[in-house]
Amino acid sequence: MNDTIIKITIDTFIDIQRAMLKAKKENAVETYEELHFQYISHKAALNTLGVNLSEIDLIKE
């Protein structure tokens, strides 16, 4: 079960980052800020689960 949670969280984390990059490119400030909140939440969860983010963290904030 824990593996499933980690996989889903990683997939969502990557999707959030892709959306953040698109929002930044389009100057969608409010969208970027909302996504940034989700990014921080998922990053914290993945760190707690012991996931190494060095290769999957595209934003690095």
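Buried here means under 20% relative accessible area, exposed over 50% and partly exposed in between, with a 1.4 Å probe and protein chains only. By that rule, Ile6, Thr9, Phe13, Ile16, Gln17, Met20 and Ala23 of helix H1 are buried. The model is predicted: local features need pLDDT of at least 70 and side-chain atom pairs count only at pLDDT 80 or more, while totals for chains, interfaces and linings use all residues. Residues are numbered from 1 along each chain as its sequence is written, and side-chain values use heavy atoms, with hydrogens and water left out.

**Overall layout**

- The protein has two helices and zero strands, where helices (H or I, at least four residues) and strands (E, at least two) are DSSP runs numbered from the N terminus.
- Along the principal axes, the C-alpha atoms fill a box of roughly 35 × 20 × 15 Å.
- Of the 61 residues in the protein, 28% are buried.
- Taking contacts (heavy atoms within 4.5 Å) between residues at least 6 apart in sequence, 55% join residues at least 24 apart.

**Helix H1**

- H1 covers residues 2–25, which is 24 residues.
- From first C-alpha to last, H1 reaches 35 Å, close to the 34 Å expected at 1.5 Å a residue; the expected span is 1.5 Å times one less than the number of residues.
- Helix H2 (29–48) is part of what covers the buried residues of H1.

**Packing of H1 and H2**

- The two helices pack at an angle of about 155 degrees, and their axes are 9 Å apart; axes are lines fitted to C-alpha atoms, for helices over the stretch in contact, and angles run from 0 to 180 degrees between N-to-C directions.
- H1 is therefore roughly antiparallel to H2, given that angles under 35 degrees count as roughly parallel, over 145 as roughly antiparallel, 65 to 115 as roughly perpendicular and the rest as oblique.
- On the H1 side, residues making the contact include Ile6, Ile10, Phe13, Ile16, Met20 and Lys24.
- On the H2 side, they include Thr31, Leu35, Tyr39, Lys43 and Leu46.

**Nonpolar core**

- A nonpolar core is a set of buried Ala, Val, Leu, Ile, Met, Phe, Trp, Tyr and Cys residues joined through side-chain atoms within 4.5 Å.
- The largest such core has 13 residues, and Phe13, Met20, Tyr39, Val51 and Leu53 have the most contacts inside it.
- H1 and H2 each supply at least two residues of this core, and the largest share, five residues, comes from H1.
- Leaving out residues up to four places away in sequence, Leu53 touches Phe13, Lys43, Leu46 and Asn47.

**Lys43**

- Lys43 lies in H2 and counts as buried, because its relative accessibility is 19%.
- With residues up to four places away in sequence not counted, Lys43 touches Phe13, Leu53, Asp57, Lys60 and Glu61.

**Residues with positive phi**

- Asn27 sits in the loop between H1 and H2, just after H1.
- Phi of Asn27 is near 55 degrees, a positive value in a residue other than glycine.
- Asn27 is exposed, at a relative accessible area of 64%.
- Lys60 belongs to the segment after H2, and its phi is near 60 degrees, again a positive value in a residue other than glycine.
- Lys60 is exposed, with a relative accessible area of 55%.
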